[in-house]
Amino acid sequence: MDTPQPQLAELLRQRYAGVVPGRVARVGAPVTELLLSHRSVRQYSSRAAPEGTVELLVAAAQSAASSSNLQLWSVVSVEDAELRRKLSVAANSQAHVRDSAVFLVWLADLNRATRLARAHDIEPEGLDYLEMFLMASVDAALAAQNAVVAAEAAGLSTVYIGALRNRPEEVAEVLALPEGVFALFGLCVGYADSASAAIKPRLPQSVVLGRDRYQPLNAELVREYDERMTAFYGEQQMQVPAGGWSLHSAQRVKNAASLSGRHRLVEALKARGFGLR
Ligand SMILES: Cc1cc2nc3c(=O)[nH]c(=O)nc-3n(C[C@H](O)[C@H](O)[C@H](O)COP(=O)(O)O)c2cc1C
């Protein structure tokens, strides 16, 4: 028998490390409890996913909203072991890219729209604008997150792999991507090994939620969150980012060198045929 889902209140307590928002509607609880239970998993058992898992996840993904229903994304299920190994290397040698039961690569795809327009004798100059890359990226992210929720509902775990953008040319070559197609991120899906990851606390809602206007930064609330995150990492026996979450985040955005090769993305995208005007 499945273990019963912890109640919403307990999940909220974990999600905010005790700093629970004052009022939270208690409607639609089973799905919301699943969302609140999310944690990324980086260690997978060798157990295969049920047959048809990829198709189930892609059906969930395609059910997400899509800007003007343009459906400017595609996904590749990487099944060949050698290709998985190459992608793992390109993504900073993350072992789970190789080891998870399923590995999906989510693509911003302007190639299909180009072909479809040309079949109607229209040269799609509109695709040369940044807006279209943004639209494709937003739609792909919404689709992928639907797949994540479907996977978690099926008892599978996931982790996104943004590190695929560290070496975009290599990834494009491995997956034989045509012009106008860009690998946005990967997604590992599989059964977590026995040591399951904990729910990672987020910023208090009062930091991210404005009412009627933008909520200015409250440094004291962030300082308190730093303390909670340091305690969390300690409990998880994870390497504690020195100086807390905010310093770690600041270092992550410090300069081009902190972007692990991704400072070259405009160049890489333009070389792949994205106009970005
Ligand atoms: C677009 C995206 C890319 C990510 N890339 C990676 C990655 O390359 N490697 C990794 O271990 N985690 C990656 N993550 C997972 C985040 O580190 C994780 O979501 C964050 O630390 C919060 O933890 P949680 O998902 O367990 O709540 C990525 C997450 C997102 C949304």
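## Exercises on a predicted model

At 63% relative accessibility, A176 counts as exposed. The structure is a predicted model, and the exercises below refer to it.

**Exercise 1.** Locate A176 and Q237, and state what sets their backbones apart and whether each is buried or exposed.

Solution. 
- Step 1: A176 lies in the loop between α8 (168-174) and β4, while Q237 is found in the loop between α10 (219-235) and α11 (244-252).
- Step 2: Phi is positive at A176, about 50°, although A176 is not a glycine. Q237, also not a glycine, has a positive phi of about 50°.
- Step 3: For comparison, most residues other than glycine have a negative phi.
- Step 4: Exposed means over 50% relative accessible area. A176 has 63%, so A176 is exposed; Q237 has 74%, so Q237 is exposed.

**Exercise 2.** Describe the largest nonpolar core: how many residues does it have, and which elements supply at least two residues each?

Solution. 
- Step 1: The largest nonpolar core has 36 residues, and W106 and F133 have the most contacts inside it.
- Step 2: At least two residues of this core come from each of α3 (53-62), β2 (102-109), α7 (130-153), β4 (181-190) and α12 (265-271).
- Step 3: Helix α7 gives the largest share, 11 residues.
- Step 4: A second, separate core has 22 residues, including V97, V105, L107 and V171.
- Step 5: As background, nonpolar side chains tend to be buried together in soluble globular proteins.

**Exercise 3.** Classify the ring pair of W73 and W106 as stacked, tilted or edge-to-face, and state where in the chain the two residues lie.

Solution. 
- Step 1: The count of aromatic pairs comes to 7.
- Step 2: In the pair of W73 and W106, the ring centres are 5.5 Å apart and the planes are at 45°.
- Step 3: Planes under 30 degrees apart count as stacked and over 60 as edge-to-face.
- Step 4: W73 is in strand β1 (residues 73-77) and W106 in strand β2; at 33 residues apart, they link distant parts of the chain.
- Step 5: Buried means under 20% relative accessible area. W73 has 11%, so W73 is buried, and W106 has 0%, so W106 is buried too.

**Exercise 4.** What are the relative direction and the handedness of helices α1 and α2?

Solution. 
- Step 1: Helix α1 (residues 8-15) packs against helix α2 (residues 29-36) at an angle of about 25°, with the axes 10 Å apart.
- Step 2: Angles under 35 degrees count as roughly parallel, so α1 is roughly parallel to α2.
- Step 3: The crossing of α1 and α2 is left-handed.

**Exercise 5.** Over which ring does the charged end of R47 sit?

Solution. 
- Step 1: The charged end of R47 sits over the ring of Y191.
- Step 2: The distance to the centre of the Y191 ring is 3.7 Å.

Key. Residues are numbered from 1 along each chain as its sequence is written. This is a predicted model: local features need pLDDT of at least 70, side-chain atom pairs count only at pLDDT 80 or more; totals for chains, interfaces and linings use all residues. Side-chain values use heavy atoms; hydrogens and water are left out. A nonpolar core is a set of buried Ala, Val, Leu, Ile, Met, Phe, Trp, Tyr and Cys residues joined through side-chain atoms within 4.5 Å. Buried means under 20% relative accessible area, exposed over 50%, partly exposed in between (1.4 Å probe, protein chains only). Helices (H or I, at least four residues) and strands (E, at least two) are DSSP runs, numbered from the N terminus. Rings of Phe, Tyr and Trp (its six-membered ring) pair if their centres lie within 6.5 Å; planes under 30 degrees apart count as stacked, over 60 as edge-to-face and the rest as tilted. A charge sits over a ring if NZ of Lys or CZ of Arg is within 6 Å of the ring centre and within 35 degrees of the ring normal. Axes are lines fitted to C-alpha atoms, for helices over the stretch in contact, and angles run from 0 to 180 degrees between N-to-C directions. Angles under 35 degrees count as roughly parallel, over 145 as roughly antiparallel, 65 to 115 as roughly perpendicular and the rest as oblique. A crossing is left-handed if the near helix is turned anticlockwise from the far one by less than a right angle, and right-handed if clockwise.
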